[in-house]
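Thanks, everyone. I'll keep this short. Please have a look at the structure before I start.

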Amino acid sequence: MIEAGEMDRDRISREEVRYLAGLARLRLSEGETETFAVQLNRILSYMEKLNELDTSRVEPMSHVVGMSNAFREDAVQESFSQEEALQNAPEREGGFFKVPRIVKG
């Protein structure tokens with residue numbers, strides 16, 4: 001239920017929750033609508049509290065952990081021969097893996 005004084009600072013109304021639920025093709029009961037309105041308003045209040053923090057010295061980032069390219073450099077090198085690649089194939093045909101047909105055509 002909505003706590004005392006909470007209605008005064010609501011930023012998302014029950015009507016807006018119904019509208020958003022309609023966009024998402026959700027059918028909400030009246031109780032669910034009220035619950036979501038309260039929860040969404042609490043989330044917005046928390047975000048407001050976070051906005052009070054001084055982040056001027058925090059470098060913007062796209063991920064919370066450092067990311068680096070895990071790929072190796074492209075280099076031409078020897079690969080498996082066709083025979084080596086197919087040596088464990090259960091079935092092969094004309095130098096290729098033979099697999100069951102899954103698309104009818």
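This is a predicted model: local features need pLDDT of at least 70, side-chain atom pairs count only at pLDDT 80 or more; totals for chains, interfaces and linings use all residues.

Let's start with the helix pair. Helix H1 covers residues 14–23, and helix H2 covers residues 30–51. Their axes come within 9 Å of each other and cross at roughly 105 degrees. Angles of 65 to 115 degrees count as roughly perpendicular, so H1 and H2 are roughly perpendicular to each other.

Which residues make the contact between H1 and H2? On the H1 side, they are Arg14, Val17 and Arg18. On the H2 side, they are Glu30, Thr33, Glu34, Phe36, Ala37 and Leu40. Sort them by class, and the contact of H1 with H2 has 4 nonpolar, 1 polar and 4 charged residues.

Next, the loop. Arg25 sits between H1 and H2. Look at its backbone: phi of Arg25 is near 60 degrees. That is a positive value, and the residue is not glycine. Is Arg25 buried or exposed? Exposed means over 50% relative accessible area. Arg25 has 75%, so Arg25 is exposed.

Now back to H2, for one more residue. Val38 lies in this helix. Buried means under 20% relative accessible area. Val38 is at 8%, so Val38 counts as buried.

Definitions and conventions. Residues are numbered from 1 along each chain as its sequence is written. Side-chain values use heavy atoms; hydrogens and water are left out. Axes are lines fitted to C-alpha atoms, for helices over the stretch in contact, and angles run from 0 to 180 degrees between N-to-C directions. Helices (H or I, at least four residues) and strands (E, at least two) are DSSP runs, numbered from the N terminus. Angles under 35 degrees count as roughly parallel, over 145 as roughly antiparallel, 65 to 115 as roughly perpendicular and the rest as oblique. Contact means heavy atoms within 4.5 Å. Ala, Val, Leu, Ile, Met, Phe, Trp, Tyr, Cys and Pro count as nonpolar, Asp, Glu, Lys and Arg as charged, and the others, Gly among them, as polar. Buried means under 20% relative accessible area, exposed over 50%, partly exposed in between (1.4 Å probe, protein chains only).
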